[in-house]
Amino acid sequence: MFAVTHPLRHTLLALFLGTAALAQAQEMVSIAGSTVNMREEPSLNSTVLWELQRGYPLQVTERRGEWLGVKDFEDDTGWVARSLTSDEPYHIVKSQTLNLRKGPGTEHQIVAELARGELLKTLEKRDDWVRVERYDGATGWVARRLVWGF
């Protein structure tokens, strides 16, 4: 006896699996603790690669028990304890310099110049712009293509 399957069922399954894989690949977290170690392996006995500050955004690449395999905006990879992460959105400046503007567009006044690696709390997203807050409390808009995070 032969099983007959409908081609649409296979197409929908492939689409669902592809979408699930894409969603998982783009899962983002931020650091919740004041300073968190990013380690070489998912173990407290593993070598510390970096110390990350509160809010630092990371892309989740893998899960292993209570550990998350992550990468940052420079594609550095490592492991952080899941309990020390949050879903609070942050961005990090990936260009050498970046203008913080009063509104979402290049026609708006520049209120500050940001440097590569500067951490920004995400307040709002609008099209190609993100409204952010700096460490000093200053708020403004940045071009989304020049920052990395969520």
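Reader: Which residues is tyrosine 56 in contact with, leaving aside its neighbours within four places in sequence?

Author: In this predicted model, tyrosine 56 is in contact with Val29, Ser30, Ile31, Asp72, Phe73, Ile92 and Leu119. Each of these counts as a contact because heavy atoms lie within 4.5 Å.

Reader: What makes a set of residues a nonpolar core, and which residues of the largest one touch the most other members?

Author: The members must be buried residues of kinds such as Val, Leu, Ile and Tyr, joined through side-chain atoms within 4.5 Å. The largest nonpolar core has 16 residues, of which Ile31, Leu52, Tyr56, Leu58, Leu68, Val70 and Val80 touch the most other members. At least two residues of this core come from each of strand S1 (28-31), strand S2 (35-39), strand S4 (57-64) and strand S5 (67-71). S1 gives the most, with three residues. Another core, of ten residues, lies apart from it and includes Leu98, Leu120, Val130 and Val147.

Reader: Why is serine 30 called buried?

Author: The term buried requires under 20% relative accessible area. Serine 30 has a relative accessible area of 1%, and therefore it is buried. This residue lies in strand S1. Leaving aside neighbours within four places in sequence, serine 30 is in contact with Gly55, Tyr56, Pro57, Leu84, Thr85, Ser86, Glu88, Tyr90 and Phe150.

Reader: How do you know that the side chain of serine 30 and the backbone oxygen of glutamate 88 make a polar contact?

Author: The backbone oxygen of glutamate 88 lies 2.7 Å from a polar atom of the serine 30 side chain. A polar contact calls for N or O atoms within 3.5 Å, one able to donate a hydrogen and the other to accept it. The distance of 2.7 Å is within that cut-off, so the pair counts as a polar contact.

Reader: Is methionine 38 buried or exposed, and how do you know?

Author: Methionine 38, which lies in strand S2, has 1% relative accessibility. Since the cut-off for buried is under 20%, methionine 38 counts as buried. Not counting residues up to four places away in sequence, methionine 38 touches Thr47, Val48, Leu49, Trp50, Leu52, Val70, Asp76, Thr77, Gly78, Trp79 and Val80.

Reader: Why does serine 95 count as buried?

Author: Serine 95 has 14% relative accessibility, which is under 20%, so it counts as buried. Serine 95 is found in the loop between strand S8 (90-93) and S9. A polar atom of its side chain lies 2.7 Å from the backbone oxygen of threonine 97. Beyond its neighbours within four places in sequence, serine 95 is in contact with Ala115, Arg116 and Leu146.

Reader: Why is aspartate 127 called exposed?

Author: Exposed means over 50% relative accessible area. Aspartate 127 has 67% relative accessibility and therefore counts as exposed. Its place is the loop between strand S11 (119-126) and strand S12 (129-133). The phi of aspartate 127 is near 55°, a positive value in a residue other than glycine. Aspartate 75, in the loop between S5 and strand S6 (77-81), also has a positive phi, of about 70°, and is not a glycine.

Reader: What makes a residue part of the lining of the largest pocket, and which residues line it?

Author: A lining residue has an atom within 4 Å of a point of the pocket. Thr97, Leu98, Asn99, Arg101, Thr106, Asp128, Trp129, Ala143, Arg144, Arg145 and Leu146 line the largest pocket, and its volume is about 150 Å³. S9 gives the most to this lining, with four residues. By class, the lining has four nonpolar, three polar and four charged residues.

Reader: How many helices and strands does the protein have, and what share of its residues is buried?

Author: The secondary structure comes to one helix and 14 strands. Of the 150 residues, 37% are buried. Among contacts between residues at least 6 apart in sequence, 49% join residues at least 24 apart.

Notes
Residues numbered from 1 in each chain as written. Predicted model: local features only at pLDDT ≥ 70, side-chain atom pairs only at ≥ 80, totals over all residues. Heavy atoms only, no water. Buried < 20%, exposed > 50% of the residue type's maximum accessible area, 1.4 Å probe, protein only. 1 Å grid on protein atoms, 1.4 Å probe; cavity = no way out; pocket = protein on both sides within 12 Å on 5 of 7 lines; lining within 4 Å. Points joined across faces, edges and corners; volume = space filled by probe spheres on them. Nonpolar A, V, L, I, M, F, W, Y, C, P; charged D, E, K, R; others polar.
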